[in-house]
Every structure is written in C-alpha cells, then in structure tokens.
Amino acid sequence: FNQPFALDLNTAVLAERQNLNLQSRVGPLGPTPDFKNLPIEGVLKIDSLDLNALQQALPQLTKQLPQGLGLSGPLQATITMAGSTGALTLSKVELTTAVFAASKPNVKIAGRVGPLGTALKDLALQGDVELGPVALAQLSHFAPVAAALPPDFSADGPLSLKAQVNGTVQDLTLTGTLEASEGALHLDNR
C-alpha cells in the first residue's frame with residue numbers, strides 16, 4: 001500500500017469496439033487510506049462515443065443538460081488529469097463533439113479545468129473554444145440563451161465563435177470573435 005499502482009481500463013461503451021481507454025496511477029494508499037484525498041494521475045481517451053445512444057441509455061443525463069443543447073455526438077476526447085480524488089485538475093482537455101443538433105462535430109474545446117472538488121463557482125477554467133457553424137434558430141432554443149431573448153425574437157443563418165476562456169465560473173472572462181455574417185435577427189417577425 002506504500003507504492004502507487006497502475007489502474008488501466010479499456011472498454012467499449014455503447015459500441016462494438018473499444019472506445020474508452022483509461023491509463024492511470026493511483027496511490028499510494030498508505031497505512032490508513034484517505035479515499036477523499038487519494039493521489040491520482042492519468043489519461044482518459046474517448047474515441048467516437050455515441051452521445052445519442054448514451055442519452056437514450058441514461059435519460060437522467062439528458063435531464064441534467066441545459067434544454068436545447070442538442071448533444072448529437074460522436075464525442076472525441078483526451079483528458080490528462082492529476083491531483084487527488086478531492087482536488088483533481090484536468091491539466092489538458094481536448095474535446096470535440098456536435099451540439100445544437102448538428103450533423104457533424106461543431107464544437108472544439110482545448111484547455112485546463114480545476115481543481116475539481118471545489119465549489120462550482122470557484123472552479124477554474126482556461127482554454128480555447130471553437131463553435132460553429134451553428135444554426136442561429138437552433139441556438140435561440142438553448143435555455144441559457146432563450147431566457148435572455150424577447151418572446152418575439154427569431155433568428156436564422158449560421159453563427160461561429162472562436163473564444164478564449166479564463167477565470168472561475170463566478171468570474172469568467174471570455175474574449176473572442178463572433179461571426180454571423182450570413183445571419184438574420186428578427187423582432188416581432190419583421
């Protein structure tokens with residue numbers, strides 16, 4: 001129990017071939033293991049996880065997502081992590097998937113998150129986000145956006161975003177470029 005040990009997992013999640021790989025080192029456990037602060041480091045790789053099938057298999061997951069997010073997969077991700085079970089930092093996150101009911105991947109996230117285990121408002125985020133193209137009409141049904149729009153608002157055309165994110169959830173800075181050059185916004189259906 002005084003030495004770290006390898007914990008590796010290769011499995012197929014809602015697929016016929018292996019699409020999830022975890023390579024990690026855990027511990028040491030010590031004479032009296034503290035599972036809330038257990039040292040851990042590793043890399044998680046996800047290859048073509050079918051998010052539609054995942055949402056069907058775990059409908060409670062869908063209920064936790066903001067209405068209108070429209071995850072449509074497949075999910076590709078590589079996540080490097082280190083820290084402890086109570087304060088795990090995702091030091092390198094690379095994620096690609098489709099959102100807002102897109103037929104192909106339209107969001108890419110690369111950055112750093114953590115440490116996890118802190119209050120959500122204090123969770124540190126740093127990285128780059130690329131989104132698009134996204135249909136403006138689809139985006140206007142995304143609950144966090146829809147709540148801020150007037151009831152007679154409508155939109156159509158594509159939107160793209162490239163941004164850098166830095167700070168905590170409570171004090172987040174977002175700098176970037178938003179492009180909707182072929183889009184149209186309408187109030188009162190005009």
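Two strands count as paired if DSSP finds at least two bridges between them, and a strand here is a DSSP run of E, at least two residues long, while a helix is a run of H or I of at least four, both numbered from the N terminus. This is a predicted model, where local features need pLDDT of at least 70, side-chain atom pairs count only at pLDDT 80 or more, and totals for chains, interfaces and linings use all residues. Residues are numbered from 1 along each chain as its sequence is written, and side-chain values use heavy atoms, leaving out hydrogens and water.

**Stop one: the end of the sheet.** Select 158-168, which is β9; eight bridges tie it to β10, and the two run antiparallel. Pick Gln 164 and look across to Thr 175, its bridge partner in β10.

**Stop two: the whole sheet.** Zoom out to an open sheet of nine strands, antiparallel in its pairing and ordered β1-β2-β3-β4-β5-β6-β7-β9-β10.

**Stop three: the core.** Show side chains for Leu 44, Ile 46, Leu 49, Met 81 and Leu 90, which have the most contacts inside the largest nonpolar core, a set of 16 residues. Such a core is made of buried Ala, Val, Leu, Ile, Met, Phe, Trp, Tyr and Cys residues joined through side-chain atoms within 4.5 Å, with buried meaning under 20% relative accessible area (1.4 Å probe, protein chains only). Now colour β4: with four residues, it gives the most to this core.

How values were computed
Buried < 20%, exposed > 50% of the residue type's maximum accessible area, 1.4 Å probe, protein only.
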